[in-house]
Amino acid sequence: MIHPASTESTALVVVDMQRVFASPDSEWHVRGYEGAAAHVTRLVAQFSGPVVWTKFVRDPDERGSWGAYYDRWSGCREEPDSQAWDLTLPTAESHEVLVLPTFSKWGAELAALTGDADQLIVCGVATDCCVLSTVLGAVDAGKAVTVVTDACAGITDTAHEQAIALMQLLSPMVTLATTAQLVGGSAQRRGAEFAQASAESP
């Protein structure tokens, strides 16, 4: 099981694991989606704290520059009730689902859904867009964030690696970990070690 460090409460945020990013026919297809999904499934199954799934859904009003954005990606100009926005992984009754038309999912809604959690574990897609922007918002709010690198995937492998490297620059506010490092009987000890190592790094 995944356990938070003893001095912190932890929430798991799963970003945008949706059909529009999984389908090879989509303009927004995320390379490596299936591999990331397998790791997300393992994380969710072992996590005992609050779990929040996020969904990106197009705002039909396309305010401001969003109109130009969807002109570029017209194949993804789906209606809000389209199955393209459906999650590809099952959620539990105790889980929360947050639907927003923005890249960043951090805000008052996600803050409320994660409650008093001092630390967030973040995974999902795309590393170089919605994951990155959500992490930036969370650390601005003072949250300690662990990004699960193999439970994320980017539009390309290079984009994924660049986004991970960028987030690593935010240490100790952001910590990087793999699924294997978080899941298992020694996860509580490892979580504490990550937090300590991050705090001690320059």
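Reply: Two strands count as paired if DSSP finds at least two bridges between them. Helices (H or I, at least four residues) and strands (E, at least two) are DSSP runs, numbered from the N terminus. The model is predicted, so local features need pLDDT of at least 70 and side-chain atom pairs count only at pLDDT 80 or more, while totals for chains, interfaces and linings use all residues. Residues are numbered from 1 along each chain as its sequence is written, and side-chain values use heavy atoms, with hydrogens and water left out.

The sheet is open and has 6 strands in the order E3-E2-E1-E4-E5-E6, paired in parallel. Strand E3 (96–100) and strand E6 (174–177) are the edge strands, each pairing on one side only. On average, neighbouring strands are turned by 25° against each other, direction ignored; axes are lines fitted to C-alpha atoms, for helices over the stretch in contact, and angles run from 0 to 180 degrees between N-to-C directions.

Val-147 stands opposite Leu-176 in E6. Helix H2 (residues 33–46) packs on the sheet and touches strand E1 (10–15), strand E2 (51–56), strand E4 (119–125) and E5, where contact means heavy atoms within 4.5 Å. The direction of H2 makes about 135° with that of E5. Helix H5 (residues 127–140) also packs on the sheet, touching E1, E4, E5 and E6, and its direction makes about 165° with that of E4.

Now the aromatic side chains. Rings of Phe, Tyr and Trp (its six-membered ring) pair if their centres lie within 6.5 Å; planes under 30 degrees apart count as stacked, over 60 as edge-to-face and the rest as tilted. The whole structure holds 13 aromatic pairs. Phe-56 lies in strand E2 and Trp-66 in helix H3 (residues 66–72), 10 residues apart. Phe-56 is buried at 1% relative accessibility, and Trp-66 is partly exposed at 22%; buried means under 20% relative accessible area, exposed over 50%, partly exposed in between (1.4 Å probe, protein chains only).

Trp-66 also forms a tilted pair with Phe-103, at 5.0 Å centre to centre and 55° between the planes. Phe-103 is in the loop between E3 and helix H4 (108–113), so this pair ties together parts 37 residues apart in sequence.
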